[in-house]
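User: Hi! I would like to learn how to read the features of a protein structure. Could you walk me through this one?

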Amino acid sequence: MAGSGKTGRDLNLGFGIEKLGLVALKVPVWCAAFLVLATIGGVLGYQRLSVDDSLSELFRTDTEEFRRFEEVSRRFPSNEFDILVVVEGKDLLKPKPFAALRNVVFDMDLSDGVAGIVSLFSARGKLNDKGYAPPLVPDKLKSGPAYEAAIKRMRANDIVKGKFLSPDGQLALIVIALDRKEVDRLGASPIIEGIRDTAVAGLRGTGLSVKLTGAPVMQMEIRNAVKHDQLLYNGLGLLFGAGIAMVFFRRFSLMMVAAVPPLLATLWSLGLLGWLGFKLNLFLNVMTPLIMVLGFADSMQMTSAIRMRLRAGDDRYEAVKFAIKVVGPACVLAHGAVLLSFLALQLSDSGLIRTFGSAGAVSAVISFVCVIIVLPLLGISLIRNEAALAADRAPADGAMDALSNGVGWTVDAVVRRPGSYVALGFVLFGLFGWAYLQLEPRYRLADQVPDRESALAATGQLDEKLTGANPVHIMVEWTGGDDLYSPKVLKVIKDTHNILEKTAGLGNVWSLQSLRRWLAEQGDTDINRVKKFVKLLPKHLVNRFIAGDQKSVLVTGRLPDIDSSEILPVVDKIDAALVPLRKAHPNFTLSVTGLPAIAARNSAAMIKQLNSKLPLEVIFVSTLIGLAFRSVFVGFISLLPGLFPIVTTGALLWVNGDGLEFSSVVALIVVFGLGVDSLIHFLNRLRLEEREGEDPAHAIRRARVLVGPALILTTIVLTFGLGVTMLSDLPSLRLFGKVAAMTLMAALVADLVFLPATIVLWRRWRQPVAEQSG
């Protein structure tokens, strides 16, 4: 190989691991039995896969901050089981639509799985002499002056305005608390659909629209999207890969040899993940196309080598042995690079991303087994009538020859002026690298939820007409003997409430102080009356702001769904405002938490952490390639083709006004490993084509013509296989597919243009030096 002390023919790139493929030739019956058993196990394991629909799993870390977040969910469970029903219409407050809305609220309260409802109909008027507060809007109210007066009182009420009714009177919010036991017994989806059906039926003909949102609804839509995407990715990925193989190989047997190993790799990997207890989630959902294209990348190379030897007159056993010996080592090295890419994700603080990395590492190993053992088994089992294949000049060969000619033309143009192309490569790398460094981390909850369903649409309505749907909490805890209703505790709650509402400017703030304020407006400041009302309130409502042991309370405000970089200043402002309160009351713990707060604090740091691992991964993989080829030069020249696709994709993101998101950084890390596959196969072929003293351009042209068509086909399969994620309902997965497609196409350009130019320029510069020293 160029720059090494050997010609390259005696190097063992695969460290002998590729010889596992010979097992299929020696004991095919045993390998076939293993194939059948593994497939059965894969089917059974796949049935064990479930969906992880958690919205917070991405930020799961072994930190005190995340433990506090989980503690809030445990102490105040109602907050995690809220369904938000958004009803909108310009005639909302007219008598007939308003009466229909009241009936719908009553009917939903009787629906299966509903623990209770809070709405504008929950508001109460002034206390009478008997201590009873009648409903603000009476149950029986006819149109006319009395009706108009009641609506006016309701719109002016502090509990209703801006919280359950928009200022323009055209949007109402209904908060439904689900019963956890009923959710466990019946399942969330039937309960949510039942509530939706009740609301739609009750409001039909009124001109009012209804949409559902909230964590349970978002989780249901995530589950549905994950299941839909699995069917979509499996079907389209398999059809496209098999179609490409059939078009260019023109033999059913060769198509099966190329297509079945990736299919089995997908089934076995998902099956093993099921047996190991993994759950499909935001990132694991993309595992299916990843495994499929990873398997296709090397199965196409192996099948192309088999076809080439069959056309040269070899029988199927000789052709398969040739593929194992010549292409097998590159497959070992390519899968090793992908394995390292997935292992690099273990450096993330996010539990979700680490899980994705673990699943990917397992899948990479299984994919290699399928390529190196299953493919040879299929080759000797399915290929028949080798003589006919050797003599065949089917149209498919015309297509392959056309690709070869195109590659040859490109390489000829490059090797004629290698210096110009190398200079161009470094200039583009510098420009694209600068653009890549301008990218800023971004995160929005909306990117993790299907954006073609109702939940995000309802959230958008709340963002526009109320104060948003994303809760930010301050959990107030205290030690010592102070009672919940002691003056000291009540003052801290009041001050905390004011900080969230006035200093930070959050809307829809709820706490025990909200009840005290309402009673004070009625002229009642007796703390015993507060205690009485708390006892009379439904349990699901009390659980929103008072813990069961009455040693901690929650103060909650809501934010619109905006980028975490915009939320972080708000969270910092809240924390800064709490500092004097914490100093004044050292036995109180005031914790700012909630998913928006967790995301704002951690998303940027996590994304930057992942992004910083990219150059290290490239250097590490380049070092591995250099060691495998026993050449410092090979390791060095693999840096530019490795880094160029990354900075190119980053530049395109920058031009489009996008930033660095979790899915885009993960895509770059993983797809880099896939893109290196083509680089390794070319370098592997080049080492076999080099001749001592020969112009390196000749060896490069031979290598490119032999493996170039397979590299182009592989890139097409990879790009489509991962690009199919752009059809997902999940914005993050669409971004993953977009980034993957751009990175792979840029990798192909680097492999076809910049890599050959660099090798030729280096070798031509080295040869005269070597001749002079000789």
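Analyst: Happy to! We start with the lining of the largest pocket: by class, 21 of its residues are nonpolar, 8 polar and 5 charged. Here Ala, Val, Leu, Ile, Met, Phe, Trp, Tyr, Cys and Pro count as nonpolar, Asp, Glu, Lys and Arg as charged, and the others, Gly among them, as polar. This is a predicted model, where local features need pLDDT of at least 70, side-chain atom pairs count only at pLDDT 80 or more, and totals for chains, interfaces and linings use all residues. Residues are numbered from 1 along each chain as its sequence is written, and side-chain values use heavy atoms, without hydrogens and water.

User: Which residues lie nearest the centre of the largest pocket?

Analyst: Look for Phe 121, Ser 122, Ala 123, Arg 124 and Leu 537, out of 34 lining residues. On a 1 Å grid over the protein atoms alone, a pocket is an open set of points with protein on both sides within 12 Å along at least five of seven lines, a cavity is a set where a 1.4 Å probe fits but cannot get out, and lining residues have an atom within 4 Å of a point. The pocket's volume is about 1,000 Å³. Helix α4 gives the most to this lining, with 5 residues; helices (H or I, at least four residues) and strands (E, at least two) are DSSP runs, numbered from the N terminus.

User: What lines the largest cavity?

Analyst: It has 16 lining residues, and Asp 82, Val 175, Trp 510, Arg 544 and Arg 558 are the closest to its centre. This cavity holds about 260 Å³ of space, and β9 gives the most to its lining, with 3 residues.

User: What is the strand order in the open sheet of 4 strands?

Analyst: Strands pair if DSSP finds at least two bridges between them. The order is β8-β9-β7-β10, with antiparallel pairing.

User: How are two packed helices described?

Analyst: By the angle between their axes and the distance between the axes. Axes are lines fitted to C-alpha atoms, for helices over the stretch in contact, and angles run from 0 to 180 degrees between N-to-C directions. Helices α18 (487–503) and α22 (564–584) pack at about 150°, with axes 10 Å apart. They are therefore roughly antiparallel, the word for angles over 145 degrees.

Methods. Points joined across faces, edges and corners; volume = space filled by probe spheres on them. Parallel < 35°, antiparallel > 145°, perpendicular 65-115°, else oblique.
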